[in-house]
Amino acid sequence: MITKQPKNLNLFTIRFPIPAIVSILHRMSGVIIFLLMPAITIAFCMSLISSSDFASVILIINLWPLRILGAILTWGVFHHFIAGCRHLLLDLQIGNDLITARFTSKTVLILSFIFTVLVILI
C-alpha cells in the first residue's frame, strides 16, 4: 500500500548536518576560486609589465569592493585546501565515524576562518 506522505521541499527549514555544510562550502569555494582566477591572472600579468602598471593594479586592488572579494577569495582558498585534505582522508577511510566527521568538519570551519582573519590583518 502506497501512502502519500507530505514532503518538505523548503530548503530553508531543513537542518543540514555540519559535515554536509562543509562539503557544500567546499564545492562553493571551488567555484569561487574558479570564477575569480581570470581576474587574478589578468592583474598579475598587468603588474609584471611595468612599475606604473604595478602601481595602478595596487590602487585598484585597494578599493573596498575588491578588498571584500580578496577576503572571500582568501577564505575560499583556505577552506578549499583544508576541506580537500579532509575529503582525501575520508576517501582513505580515515575519520568516517560520526564523532570524528563532526570534529573534523568543525575544525575545517574554524581553521579556515582563523587563517583568513590572520591573512587579512597582516
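Predicted model: local features only at pLDDT ≥ 70, side-chain atom pairs only at ≥ 80, totals over all residues.
The secondary structure comprises four helices and zero strands, and the elements follow the order α-α-α-α from the N terminus. The radius of gyration is 20 Å, well over the 14 Å that the globule rule gives for 122 residues, so the protein is more spread out than a compact globule. The C-alpha trace spans about 75 × 35 × 25 Å along its principal axes. Of the 122 residues, 19% count as buried. Among contacts with a separation of 6 or more, 79% are made by residues 24 or more positions apart.

Helix 1 and helix 2 (residues 51-61) pack at an angle of about 145 degrees, and their axes lie 5 Å apart. On the side of helix 1, the contact involves Ala43, Met46, Ser47 and Ile49, which meet Asp53, Phe54 and Val57 of helix 2. By class, the residues of this contact are five nonpolar, one polar and one charged.

Helix 4 covers residues 98-121 and has 24 residues. From its first C-alpha to its last, helix 4 reaches 35 Å, close to the 34 Å expected at 1.5 Å a residue. Its buried residues are Ala101, Ser105, Val108, Ser112 and Thr116. These buried positions pack against two other elements, helix 1 (18-49) and helix 3 (64-91).

His79 is found in helix 3. Its relative accessible area is 0%, below the 20% cut-off, and His79 is therefore buried. When neighbours within four places in sequence are left aside, the contacts of His79 are Val22, Leu25, His26, Ser29, Gly84, Val108, Leu109 and Ser112. Val108 and Ser112, both in this set of contacts, are also among the buried residues of helix 4.

The structure holds one aromatic pair. The rings of Phe78 and Phe115 have their centres 5.5 Å apart; their planes are at 50 degrees, so the pair is tilted. Phe78 belongs to helix 3 and Phe115 to helix 4, and the pair thus links distant parts of the chain, 37 residues apart. Phe78 has a relative accessible area of 25% and is partly exposed. Phe115, at 33% relative accessibility, also counts as partly exposed. Phe78 is thus partly exposed, whereas His79 is buried.

Definitions and conventions
Residues numbered from 1 in each chain as written. Heavy atoms only, no water. Expected span 1.5 Å × (residues − 1). Buried < 20%, exposed > 50% of the residue type's maximum accessible area, 1.4 Å probe, protein only. Contact = heavy atoms within 4.5 Å. Phe/Tyr/Trp six-rings, centres within 6.5 Å; stacked < 30°, edge-to-face > 60°. Axes fitted to C-alpha atoms, helices over the stretch in contact; angles between N-to-C directions. Nonpolar A, V, L, I, M, F, W, Y, C, P; charged D, E, K, R; others polar. Rg over C-alpha atoms; globule rule 2.2 N^0.38 Å.
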